[in-house]
Structures are given as C-alpha cells and as structure tokens.
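Please keep the sequence and the model at hand while reading.

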Amino acid sequence: MTFTTIKSFAEIAHRYDGFILDQFGVMHNGAHNLPGSIQCIHELAKNMNKKLIILSNTSSPSKNALSKLPRMGFDPSLFIGAVTSGEEAGRFIKETYGGGDSENGNETAVNSKKALMFTWNNLENSDIFLEKCGNVRTTSKVDEADFVIAHGSNIIRGSSSSDSLSLGSFMDDCDFTAIAPILNKCREQNLPMVCANPDLIVKLAGDKTAYMPGNIAQRYESLGGKCTSFGKPHAAHFQACLRELNLSADRVVHVGDSLHHDIAGANAAGIDSVFISEGIHCDDFANDDKAEGELPSVDMLEDLFQKEGHVPTYACALFRF
C-alpha cells in the first residue's frame, strides 16, 4: 500500500496543471466554506494559473452548482466549469424519456412520460432539474409512473405541490419505513430508476449527517430493480472533466473526501487523488489522538484504506495551501 501524506497542497501543486474538486467535505459543508479552502483555490487558480473544475454528486445542473458558490465565499470565475451527476442524469432522461410531444407547449402532454420522483422539499430545485429532462411530468402514484427518479431525500413530488408525499425522517436517519412499500411496488411493476445523486451520506453544518438518494437507489437494486446512476465513482464523469480541462490524466489530480466515490472513481479513471481526512470519513478517526485539522496516524489511514479497498495517491487533512 503506497500513499503519501501531505500537510498542504503547496507540496504537490507544481506537479499538476489541473485540479478536479469535490464540493461537500472539501470546499464547503453546504452552509459555509471549510477552513483553508478559499485561500487554496485562490493560490491555485490566481497565483499559479492552475485549471480548476468541480466534479460533484449533486442533483443540481452544472450551472446551478456554480451559482451557489458565492454565498459560501467562493468566486465562480476561478473555475472553468462543473460536471455534476444531475446534469448528466437530466440529459439521459431527456434522451430516454423526455422526447414526447406536448399540446401547444403546455403541461397537457400527448406522449409525455410520468416519473415517480424522490426529491427535496424545495420544489424550485426539482423544477430546475426537470427543465433538463424534456417533456416529463411527475406523479406520486406508482400505477401512473413510467420510471423513477432518485433526485432528493425529502418527498415524492406529485403532479401538484398538494399531491406530494413525505419520506418521513429518511434524510435524518435513513429510515425506510415510508419508502420501502413504494419501492416494493415499483419493483413489482418493473419500473426503471434513474439516480441523479449516488451519494450515500454527507456531512452538513453542525456535524450533522444527511442521507442521500444513493441509498434509495441501492435499496431498489437490492430488490432486483434496474437503476442507472450518474456521477462518481463512474470513470466517465472523471473523463468528462479531463475533456473540459483539455488535459491528460497524468497532469490532473482529483481532491475528494469519499473513498467509495472520489478515490475509487479517480483510481478507475487513472487519475491521481488526494483524500481529505476531515470530510465524510472523519468519524473513522475519532479514536486517534490528534488535533483538529490534522491528519490521523499513518497506521489508521492504512487500516481504513485496506478495509475499504481504495488507496489514494495522497492524504491531507484539509483542502488548504
């Protein structure tokens, strides 16, 4: 097992021309930026002229992912773009299900498909995603659905806001009580699923854990259901970043906090990687006698990498310069 521990990105920045950045656990926690991240981006992009691109398992389209950065203190102009699982999933849905004709351009569809959509409480987020999906309508009734979308973890969106169904406490505790009967019925009808966010958990502000749509997709697959997922760890999404960066894999490094999504995906794509230990796996190092913001012992890192089966090129506590 070979990896190198570093204290900051100043140690390796000269080796690469491009940086593929995860968001949650690396740059921010969904509410505010993480220590050192703004300075690190400034040093890499402005002072060293490195190319930066975001690769994120977010159900938001790429444009919307970038538009959220300023409220957390980041300058979107320092990134050449973003590749998101939501962007890729929306494109797939449009090509596969969203080509039906609509009547006079309104919501009364002639050949449109209906989706049972697991999504967020904020319907504006799902509205933005559905715009990418073409002529697709939502329903909260399995019997009416042609396929399933795993987009968020709060509700099943109906044909109207009053027709939505709550997923209970799933996002807080991964309780499938409200979801399991619906997935069983979807499986009985052999409905295909599209997962726009394959993440399992994220760390939010206040050290809160939130359970993501990837768990819904995994449960459906365990029932024998067919699911097409987009985002990390699929190598195609890392390759999309290389195309946007216009760089070869040996001149690029990926920075992420998930061994299963970030490090596994980078390894599959033949790209070097930096594992951020203060991200989603921080609880795995709870017994290590270290100061906050410092790397755990090499032994603990080795144990975790061996247990999970994914080894990064480097390990660093935080995304800092």
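The structure is a predicted model. A pair of aromatic rings is described by the distance of the centres and the angle of the planes. In this model the count comes to seven aromatic pairs.

**The pair Phe92 and Phe230**
- The ring centres of Phe92 and Phe230 are 5.3 Å apart and the planes stand at 50 degrees, so this pair is tilted.
- Phe92 belongs to helix H3 (residues 85-96), while Phe230 is in the loop between strand S13 (227-229) and helix H8 (235-245); the pair therefore ties together parts that are 138 residues apart in sequence.
- Phe92 counts as partly exposed, at 23% relative accessibility, whereas Phe230 counts as buried, at 13%.

**The pair Phe275 and Phe305**
- The rings of Phe275 and Phe305 have centres 5.4 Å apart and planes at 90 degrees, so the pair is edge-to-face.
- Distant parts of the chain are linked by this pair, with Phe275 in strand S15 (residues 272-276) and Phe305 in helix H10 (residues 298-308), 30 residues apart.
- Phe275 counts as buried because its relative accessibility is 0%, under the 20% cut-off.
- Phe305 is also buried, with a relative accessible area of 1%.
- Together with Phe3, the residues Phe275 and Phe305 form one aromatic cluster.

**A charge over a ring**
- Arg219 lies over the face of Phe176, at 3.9 Å from the ring centre.

Key:
Residues are numbered from 1 along each chain as its sequence is written. This is a predicted model: local features need pLDDT of at least 70, side-chain atom pairs count only at pLDDT 80 or more; totals for chains, interfaces and linings use all residues. Side-chain values use heavy atoms; hydrogens and water are left out. Rings of Phe, Tyr and Trp (its six-membered ring) pair if their centres lie within 6.5 Å; planes under 30 degrees apart count as stacked, over 60 as edge-to-face and the rest as tilted. Helices (H or I, at least four residues) and strands (E, at least two) are DSSP runs, numbered from the N terminus. Buried means under 20% relative accessible area, exposed over 50%, partly exposed in between (1.4 Å probe, protein chains only). A charge sits over a ring if NZ of Lys or CZ of Arg is within 6 Å of the ring centre and within 35 degrees of the ring normal.
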